[in-house]
Amino acid sequence: MTNQKKTLGEFIFENQAAFPYSTGELSKLINAIRLAAKITNHEVNKAGLVDILGDAGNTNIQGENQQKLDVYANTKFIQTLKQRGIVCGIASEEEEDFIAVNSQDGKNNNQYVVLIDPLDGSSNIDVNASVGTIFSIYRRISPVGQPVQLEDFLQPGKNQVAAGYIMYGTSTILVYSTGNGVNGFTLNPALGTFYHSHPNMQFPENGNIYSVNEGNYVHFSDGVKKYIKYCQKEEGDRPYTSRYIGSLVSDFHRNIIKGGIYMYPRIGPTQKGKLRLTYECNPMAFLTEQANGAASTGSGRILDVEPKTLHQREALFCGNKEMVKKLEAFIAEKD
Ligand code: P6P
């Protein structure tokens with residue numbers, strides 16, 4: 001079956017040809033991500049067999065226990081991206097500050113910055129649930145030399161030139177967009193090749209799945225609570241189905257295929273979000289809009305938010321346009 005489908009390499013080449021002005025740098029960058037995905041996949045898939053499971057014995061800058069695979073994925077993606085001489089800087093959930101990448105000529109006029117969550121949902125590793133890598137790519141704003149955090153890394157999500165994720169699940173799939181729709185590529189592990197398995201991914205017209213950690217219900221705002229009750233009410237096409245894996249990439253991937261909304265509202269007395277704006281919310285919001293969906297903070301477009309710090313948190317509601325619109329209406333009415 002796979003021999004009837006294009007490989008990722010063929011897809012990248014054909015799409016690069018569509019942009020004669022492009023220097024092919026972005027294609028090289030996607031190829032670097034493809035390589036890092038294969039390397040990480042190999043480790044994730046055998047995590048149960050070698051002593052790479054469990055706690056790496058230290059915590060990341062978020063104060064979260066770093067799982068060994070988190071550290072491994074972070075190292076591999078940074079190494080691979082550095083080697084290709086295309087990026088001038090890399091920011092990661094696992095690194096307090098961004099990493100400047102010097103080019104061989106020492107001038108560092110590489111044109112892209114990449115922000116990654118190397119292994120999102122890693123608390124699922126020990127229970128063998130799917131996890132993922134999320135990436136976000138921008139053109140640098142500063143002219144040359146060392147990248148500048150404010151200018152280059154804290155751009156609004158609408159400036160992204162590409163974004164995507166790799167989901168390490170029952171199969172390994174790379175889903176990404178360079179601003180011309182969303183496409184998915186499934187890895188044939190026997191050949192080590194990604195095949196174009198999901199052309200032109202779009203949220204279905206109607207969605208009937210809602211994904212939220214209802215254990216936090218008491219901490220949600222009145223508008224979010226009202227929307228959840230709306231999802232559960234027996235009326236018209238409802239009640240909707242509740243599905244929540246606790247892995248953003250996995251919940252998102254199911255919803256883009258079957259139709260639904262993913263919600264991580266602000267919670268607790270400080271009403272802060274959990275997800276990070278720059279390398280979780282923004283890339284998923286870019287993909288959402290490219291797949292004819294909507295991505296909101298609850299009161300505005302995620303991609304319009306001007307980031308203030310590298311690891312700042314934000315609420316995320318993304319999925320079918322109609323579902324997100326309905327949620328925003330409840331928030332506007334109630335909050
Ligand atoms: P909770 C994983 O830690 C993550 O960042 C997302 O992948 C996931 O959707 C969410 O947090 C799960 O958080 O609080 O429901 O366990």
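A residue counts as buried when its relative accessible area is under 20%. Keep that cut-off in hand for the first stop.

Stop 1: Select Cys-281. Its relative accessible area is 0%, so Cys-281 is buried.

From Cys-281, the nearest cysteine sulfur is that of Cys-318, 8.3 Å away, and Cys-281 is in no disulfide. Cys-318 is in no disulfide either, and its nearest cysteine sulfur is that of Cys-281.

**Stop 2: confidence.** Color by pLDDT. This is a predicted model. The protein averages a pLDDT of 90, and 92% of the residues score at least 70. The model has an ipTM of 0.98 and a pTM of 0.93.

**Stop 3: the largest nonpolar core.** Select Tyr-165, Tyr-210, Tyr-227, Phe-252, Ile-261, Met-263 and Leu-316. Within this core of 49 residues, these seven touch the most other members. Next, show helix H7, residues 277–290. Helix H7 gives the most to this core, with 6 residues. Then color domain 1 (8–198) and domain 2 (209–334). Both give residues to the core, so the core lies between them.

**Stop 4: Tyr-227.** Zoom in on Tyr-227. Which residues does Tyr-227 touch, not counting those up to four places away in sequence? They are Tyr-240, Ile-261, Met-263, Met-323, Lys-326, Leu-327 and Phe-330.

**Stop 5: a second core.** Finish with Leu-81, Ile-99, Ile-166 and Tyr-168. They are among the 38 residues of a second, separate core.

Notes
Residues are numbered from 1 along each chain as its sequence is written. This is a predicted model: local features need pLDDT of at least 70, side-chain atom pairs count only at pLDDT 80 or more; totals for chains, interfaces and linings use all residues. Side-chain values use heavy atoms; hydrogens and water are left out. A nonpolar core is a set of buried Ala, Val, Leu, Ile, Met, Phe, Trp, Tyr and Cys residues joined through side-chain atoms within 4.5 Å. Buried means under 20% relative accessible area, exposed over 50%, partly exposed in between (1.4 Å probe, protein chains only). Helices (H or I, at least four residues) and strands (E, at least two) are DSSP runs, numbered from the N terminus. Domain bounds come from an automatic or database domain assignment. Contact means heavy atoms within 4.5 Å. pLDDT is the predictor's confidence in each residue, from 0 to 100. A disulfide is a pair of cysteine sulfur atoms within 2.5 Å.
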